[in-house]
Structure formats: C-alpha cells, structure tokens
Amino acid sequence: PSFSFASFSGALAGSDTVADVTGGTGAASDVAYTTSVTTTSNAGTYTNDIGITAGSLDGSKAGNYAITIDAGDFTVGKATLTVTPGAQTYSYDGTASQFNASAYTFSGFAGGDTAAVVSGATSATASDMVNVGTRNISLSGTGTLSAANYDFSLASLASGLTITPAT
C-alpha cells in the first residue's frame with residue numbers, strides 16, 4: 001500500500017526542507033512504515049494503523065529536530081462494480097412474462113472476488129417489453145444491491161431486448 005503525509009506540526013527552520021529531514025526527495029515513499037493493510041484488505045478505515053519507523057527519518061538535518069511520530073489512519077476505499085443488463089430475445093406472446101428483470105451481470109471485481117460477494121437485487125426494464133421490436137434495456141436503480149467492498153455503477157444495454165414476431 002502507499003500513503004502520503006497528512007500533516008507536519010511545527011515548522012522547519014531556515015531553508016530546511018522535508019527532504020532534509022526524511023532523506024531522499026521528501027516524498028512519503030522515503031519513509032519506512034508499517035501497516036496491517038494489504039492489497040486484499042477490506043474497504044474501511046484502519047485506525048492508528050500506520051506506524052513510521054523512526055530510523056527511516058535519516059535526512060542530513062533530522063538530528064536538528066525533536067521528532068514525534070504519531071500513528072496514522074489508513075483508509076481503503078471501495079472499488080466500483082459495473083452492473084450491466086443481459087441481452088434477451090424472445091417471441092411475441094402479447095405479454096411481458098418472458099422478460100427477465102433479473103438478467104444482469106457484474107464486472108470490475110478485485111482480488112479474486114466474484115458475484116458471491118454481492119447480495120440483494122436490482123431490476124432491468126425496457127420501454128416496451130411486449131411488442132415486436134428492438135429496445136434498450138436499463139436498470140431501475142441499484143435496488144437492494146450491497147457489497148462490503150464495492151459501490152455500484154449502472155450501465156444500460158443498447159438494443160439489448162429483441163422481441164421477434166410470433167410464429
């Protein structure tokens with residue numbers, strides 16, 4: 001994981017720079033740190049989970065400062081899943097009974113996750129699910145979709161519904 005400095009308290013003297021204290025370029029990557037957060041950690045805030053290793057503050061002027069190191073919070077944001085309606089084709093029967101409002105898929109899973117991490121449902125709809133023709137399918141909001149590590153983005157499917165003449 002990567003992080004950036006949230007703040008420094010106090011001021012650097014004269015023309016001293018952060019790099020003079022931390023060594024290197026003054027970027028967060030110049031400082032050694034510890035955290036329990038990994039690339040497979042769940043979304044959320046890990047309170048007091050970043051520890052800075054004091055010995056990593058080895059810039060040429062670090063010895064001129066009384067440095068206090070406070071643990072920091074590490075926040076892992078949610079990834080976004082795209083929800084897309086599935087294509088459907090059926091023959092005209094005078095009703096919308098063949099339309100499958102539960103036909104949709106997810107894309108954008110991270111870390112080996114699958115649709116098994118998603119609960120709830122949304123529903124697909126089209127402007128006319130009865131008469132012969134081709135129509136776009138859209139989703140009617142996120143419904144009750146829920147996943148601890150994901151937010152949802154809804155997509156529509158152009159020409160996703162095809163109703164053919166009865167034979």
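Reply: Let us begin with Thr122, which lies in the loop between S6 and S7, where strands (E, at least two residues) and helices (H or I, at least four) are DSSP runs numbered from the N terminus. Before going further, please keep in mind that this is a predicted model, in which local features need pLDDT of at least 70, side-chain atom pairs count only at pLDDT 80 or more, and totals for chains, interfaces and linings use all residues. Residues are numbered from 1 along each chain as its sequence is written, and side-chain values use heavy atoms, with hydrogens and water left out.

Me: Is Thr122 buried or exposed?

Reply: Thr122 is buried, because its relative accessible area is 6%, and buried means under 20%, exposed over 50% and partly exposed in between, with a 1.4 Å probe and protein chains only.

Me: What does the side chain of Thr122 reach?

Reply: The side chain of Thr122 reaches the backbone oxygen of Gly141 at 2.4 Å. If contact is taken as heavy atoms within 4.5 Å, and neighbours within four places in sequence are left aside, the residues that Thr122 touches include Val83, Tyr104, Gly141 and Leu145.

Me: And what does Leu145 touch?

Reply: Not counting residues up to four places away in sequence, Leu145 touches Val83, Tyr104, Phe106, Val118, Ser119, Gly120, Ala121, Thr122 and Phe152.

Me: Which residues touch the most other members of the largest nonpolar core?

Reply: That core has 16 residues, and Val83, Phe99, Val118, Leu145, Phe152 and Leu161 touch the most other members; a nonpolar core here is a set of buried Ala, Val, Leu, Ile, Met, Phe, Trp, Tyr and Cys residues joined through side-chain atoms within 4.5 Å. Strand S4 (79-85), S7, S8, S9 and strand S10 (157-164) each supply at least two residues of this core.

Me: New topic: how many aromatic pairs are there?

Reply: The count comes to four aromatic pairs, if rings of Phe, Tyr and Trp (its six-membered ring) pair when their centres lie within 6.5 Å, with planes under 30 degrees apart called stacked, over 60 edge-to-face and the rest tilted. One of them joins Phe106 and Phe152, and this pair is tilted, at 6.4 Å centre to centre with 55 degrees between the planes. Phe106 is in strand S6 (residues 104-107) and Phe152 in strand S9 (residues 150-154), 46 residues apart, and the pair therefore links distant parts of the chain.

Me: Is Phe152 buried or exposed?

Reply: Phe152 counts as buried, because its relative accessibility is 19%. Another pair, Phe109 and Tyr150, is edge-to-face, at 5.7 Å centre to centre with 80 degrees between the planes. Phe109 lies in the loop between S6 and strand S7 (124-126) and Tyr150 in strand S9, so this pair ties together parts that are 41 residues apart in sequence.

Me: How accessible is Tyr150?

Reply: Tyr150 counts as buried, at 3% relative accessibility, whereas Phe109, at 25%, counts as partly exposed. Ring pairs link Tyr104, Phe106, Phe109, Tyr150 and Phe152 into a cluster.

Me: Where in the chain is confidence lowest?

Reply: Confidence, given by pLDDT for each residue from 0 to 100, is lowest in strand S1 (residues 33-34), at a mean of 79, and highest in S9, at 97. The chain averages a pLDDT of 87, and 88% of the residues score at least 70.

Definitions and conventions:
pLDDT is the predictor's confidence in each residue, from 0 to 100. A polar contact is a pair of N or O atoms within 3.5 Å; within protein, one must be able to donate a hydrogen and the other to accept it, and residues adjacent in sequence count only if both atoms are side-chain atoms.
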